[in-house]
Amino acid sequence: MTTVSPPAPTGTGSPPGPDPGLRHRLAERGIDRQLLLLVPAIVFIVGLFVYPFLYGLGLSFQPREGGGPFADYERFFTDPYQRDTIWKTLVLAVPAALLNVLASVPIAYRMRGRFRGKRLLTILLVVPITLGTVLTAEGLLNYLGPAGWFNRLLQSAGLVDEPIQLIGNYWGVFFSLVITGFPFAFLLILSYLSGIDPSLERAAATLGARWWDRFRHITLPLLAPGLATTFCLTFVLAFSVFPSAILVGNPAGETRVISIAAYQAAYEQYDYPFASTIAMIMAAVELAVIALVLLWRSRLYKGSTGGKG
Amino acid sequence: MTERHGRREFGTLRLAGVGRRFGRHDALADLDLEIHRGEFIALLGPSGCGKSTALNCLAGLLPLTSGSIRLDDERIDVLPPERRGFGMVFQNYALFPHMSVRRNIAFGLRMRRMSKAEVRRRTEEAIRLVRLEEHADKLPGQLSGGQQQRVAIARAVVLEPSLVLMDEPLSNLDAKLRLEMRTEIRRLHQTLGLTTVYVTHDQEEALSLADRLVVLRDGRVQQVGTPEDLHTRPANWHVADFMGYRNLLRLTAGERTGGAIRVEGRGLRLEATPVGDIRSGQPVVAGVRPEDLVITDSADPGGNVVRATVDVVEYQGREHAVEAWTDDGVRLHIRSGRRPASGDEVTLRVDRARLLAFPDDLGSGPAPAEPEPPEGARQVAVAGRGLSA
């Protein structure tokens, strides 16, 4: 730790190297000079995130057509075609994020320990991350489309007469969000789970708790903060869905999500202030959902879970 | 259902041929043991000897690969841990970090679906028993190591289990607390009439706590006996090594006279007590505790003495731990009331009854450690003359 601190100016007679006196005096005022190392990261964040964000915020208050700083906000909320995108996106993102989290829990729970083939199974579960949305969408088109394997299978099994419509509507986008979001949720939850000391469950077993009681009273309460965090992250990913809403959804109708509205404002109507307004509304909705989840999380136990993680 | 609420009274817990294999490695093999109600049994051995494996097998946390465990006539090794009704204290305590002390202790009672009033009554009683009244509403993270340990014990005994299993429960505590908790554990065992199986690698802890000890090595039982048995009559040199016979010398058996046998070699010639069947000319390991090598001033000390030169002296409170070397490079550990100086030549007397000769099981396991004498020791030992018989 001491090796990175720059040598402080030293008076005559003091030993060479960093002056402990100065460092202690600064530390007493709560100043740690090593925090200076954070400066490049802060510059980066300010330049690439804070500034564009504030610029967009400013832009959203300068509507192209005039009418006061809130005209674009008013326009968004009074036009059902725009306003409904919030609901359409939430209806996609919340269930998809919930399903990703809830499906990850039992799978990760079974995969905590060591077993043969764990690595292969993990790779299989995580591989969709590496594919990218477009490839996933293409796969979905081939597999779930009207002439895809899935429908042909159902038809040849005599289960349906007509192909089921799974592409070009809500379900296509939903499946795509699950496929791309699940690996994130799974990896996060697996690491949260392996941070819980396995001897806690073993102790619960010796105290007479069956597996469901062990899960409900020990693992789940310790995992819950991790579930909340995971939900927030997958929700944000899903809420900003864009390519799959166009490729496997119905971008003019039921999957006209909020990012499509923003895209159209910016690149079809070249109305940057309105596009910024939509982006700000998008951020506000995300923050509202995250705030709700974190409010719930703040009521949970968040201390040590005894494990190595 | 009544038996799930109260203590399941039993006469004998019988382990027959219990074994556990990991891949091709036998962590535990052929463990036969009978545990009677009210006994305090210590499983003792160095790390990796299979003692924790044995405990986990008993608790049901590890399935057996061979053998059976019976509680009186009921076979229990097929039951999952939650149906065995044994209490377990884990090495890291395994307290539930999100529950208060009170809820930790009440957990097992709640799992047994007892009435609220009964849960409360027994929980408060257990909290009083381990003297944690002021800390009952704290989380485990706010407690000291010793307090956490007491919560872990209270949580296990509040169910009045037929058997309490303890896995090195004191190894995470400092020396002073360890002594206090040792007494505490023995007190609880007696006042509650528990049956306890206690795993430890600390021979002193095992000797002071247990009614009977089981010494394990490489997954196999070496000796089962009372603390006195093990202390004075270890069955083989491995047990002796573990029970504090720090001087283990590879020698050769000589002629046998009555209850004694001569052991010699490397400049030594001593009378020893044979353990087991030893023939003349056979290699033996002779073991003696440091406190049984007595520094003598007598001009004519008689037989059974060793001459050695003092090398290192450590002050250890009332006594000194002394390391000395004979002329032939045999290292001896001595405990002495007075303080010899480094370089002193001393005469050590050893009682024939305290020097035990074990058959040397050549090629099984590591040999007793026999280091080369340091350069300095050789030089100071030059004037010495070895031994006289």
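In chain B, strand 9 (residues 212-217) and strand 10 (residues 220-225) pair in the antiparallel sense over five bridges, where two strands count as paired if DSSP finds at least two bridges between them, and where helices (H or I, at least four residues) and strands (E, at least two) are DSSP runs numbered from the N terminus. Within this pair, Leu213(B) stands opposite Gly225(B) of strand 10 of chain B. The two strands form a hairpin with two residues between them, and Asp218(B) in the turn has a positive phi of about 50°.

The model is a predicted one, in which local features need pLDDT of at least 70 and side-chain atom pairs count only at pLDDT 80 or more, whereas totals for chains, interfaces and linings use all residues. Residues are numbered from 1 along each chain as its sequence is written, chains are lettered from A and ligands numbered from 1 in the order in which they are written, and side-chain values use heavy atoms, with hydrogens and water left out.

Strand 6 of chain B runs parallel to strand 7 of chain B, and four bridges join them; here Met88(B) stands opposite Leu165(B) in strand 7 of chain B.

Strand 11 (residues 247-257) and strand 14 (residues 283-288) of chain B pair in the antiparallel sense over six bridges, and Leu249(B) stands opposite Ala286(B) in strand 14 of chain B.

Over all chains the structure holds 33 salt bridges, a salt bridge being a side-chain nitrogen of Lys or Arg within 4 Å of a carboxyl oxygen of Asp or Glu. One of them joins the side chains of Lys51(B) and Glu168(B) (3.5 Å, N to O). Lys51(B) lies in helix 2 (residues 51-59) of chain B and Glu168(B) in the loop between strand 7 (163-167) and helix 6 (175-192) of chain B, so the pair ties together parts that are 117 residues apart in sequence.

Between the chains, the contact takes 24 residues from chain B and 21 residues from chain A. Chain B and chain A bury about 2,000 Å² between them, 65% of it on carbon and sulfur atoms; buried area is the accessible area (1.4 Å probe) that two parts lose on being put together, summed over both. The count between chain B and chain A is two salt bridges, including that of Asp213(A) with Arg113(B), whose closest N and O atoms are 3.1 Å apart. On the side of chain B that touches chain A, strand 6 (86-89) and helix 3 (101-111) of chain B each supply at least two residues, and helix 3 of chain B gives the most, with four residues.

Notes
Contact = heavy atoms within 4.5 Å.
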